[in-house]
Each structure stands twice: as C-alpha cells, then as structure tokens.
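Here are a few notes for a colleague who is opening this structure for the first time. Please read them alongside the sequence and the model.

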Amino acid sequence: MHRPSQRTLSWFAISGMVLVLDQITKLMALAWLEVLPTPVMPFLSLTLACNTGAAFSLLEGQSGLLAVIGICLAALFAFLIVRLPKDRVLEGTAFSLILAGAIGNVVDRLIRGCVVDFIHVHHGNWHFPIFNLADSAITIGAALWILALIREQRADFPAKDGRIGN
C-alpha cells in the first residue's frame, strides 16, 4: 500500500484550510448580509447573491450539472496532488487552491442549490460579477498553474547562447 508523502498531506491540509475559511465566510455572509450592497471601500461592497450558474453566471440554473463537474474536477486535482513530485511546490500550491475552491462551491450546490457569493468589486457603472473565496482560490490557483507552466517552458527553451534555461 502506498503511503502519501508529508508534502502530499501538506497540500491536502492547505486545501482543507481554504475550504473551511470559504465555508465560514459564506455562513457569515448568509447570517449578516442582505441583497443590498454593504460598502466596505469605494470600489468594494459586500452583497449577498445566490448563483445557480458557473463563473459569470454561465449555465444559469444548472447547479446539478455543475456539481457533477465540480466533483470530477475535485477528483482530478486530488489525483494530481497525489501524483505530484515533491519538488513541484508551485503546482502543489495551485492544485491545492483549485481543489479547495471546487469543493467549496460543490458543497454550496449540494447543500443550498446555489453558490453563495458576496464579494462585489465595482467602479462607477462598472461591476465585476459577485464572487466568493472559493472562486478566488480557483482563480489564484489557475494563475499559479499557468505561471508554473510558463516557468517550465522557459526552462526547456534554449537561450541565445545555446544553453538550456534562463
């Protein structure tokens, strides 16, 4: 039987902490916020929203399908974490964040039938779609993964003097 490495367990611990923080902030939003915006800064308000779609309200009303997709993505990223070499810290961080975000939003879909969103960034008449901590974790994780892929690509690309790497 294969025992997970300490590093693998650390990635899952990070996912667990982000997931717990996501769920706590959503419970707080449900308890304290209303649909009317609560200004925090000139460009930031807390506004309670129930999203039955995906990012930017795509696939609106398809919570069941999106829950299945989220479960599949969570399983994929859990698998990637288990298979990840110990020295791949950037990827591990990325996969941990994406895993936590996927699970956080699936939990909402299964328990509430929608994803609880509450972070509202805006300026004048421009409004970014309302989001939550799970969405932020997925976005940051995806950005870190892209950065890791770029770094890997650059390391394999021959330099002008014929050497490999930077």
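1. Helices (H or I, at least four residues) and strands (E, at least two) are DSSP runs, numbered from the N terminus. Thr25 belongs to helix H1, which covers residues 6–32. This is a predicted model, in which local features need pLDDT of at least 70, side-chain atom pairs count only at pLDDT 80 or more, and totals for chains, interfaces and linings use all residues. Residues are numbered from 1 along each chain as its sequence is written, and side-chain values use heavy atoms, with hydrogens and water left out.

2. Thr25 is buried, with a relative accessible area of 17%, where buried means under 20%, exposed over 50% and partly exposed in between (1.4 Å probe, protein chains only). Not counting residues up to four places away in sequence, Thr25 touches Phe118 and Leu133, a contact being heavy atoms within 4.5 Å. A polar atom of the Thr25 side chain also lies 2.8 Å from the backbone oxygen of Asp22.

3. Helix H3 (residues 89–112) has 24 residues and reaches 34 Å from its first C-alpha to its last, close to the expected 34 Å, a span defined as 1.5 Å times one less than the number of residues. H3 is mostly covered, since 17 of its 24 residues are buried, and after H3 comes Gly113, whose phi is positive, near 80 degrees.

4. Strands E1 (residues 38–41) and E2 (residues 44–51) run antiparallel and are joined by three bridges; two strands pair if DSSP finds at least two bridges between them. The two strands form a hairpin with two residues between them, and Met41 has Leu44 in E2 as its bridge partner.

How values were computed: Polar contact = N/O pair within 3.5 Å; in protein donor to acceptor, adjacent residues only side chain to side chain.
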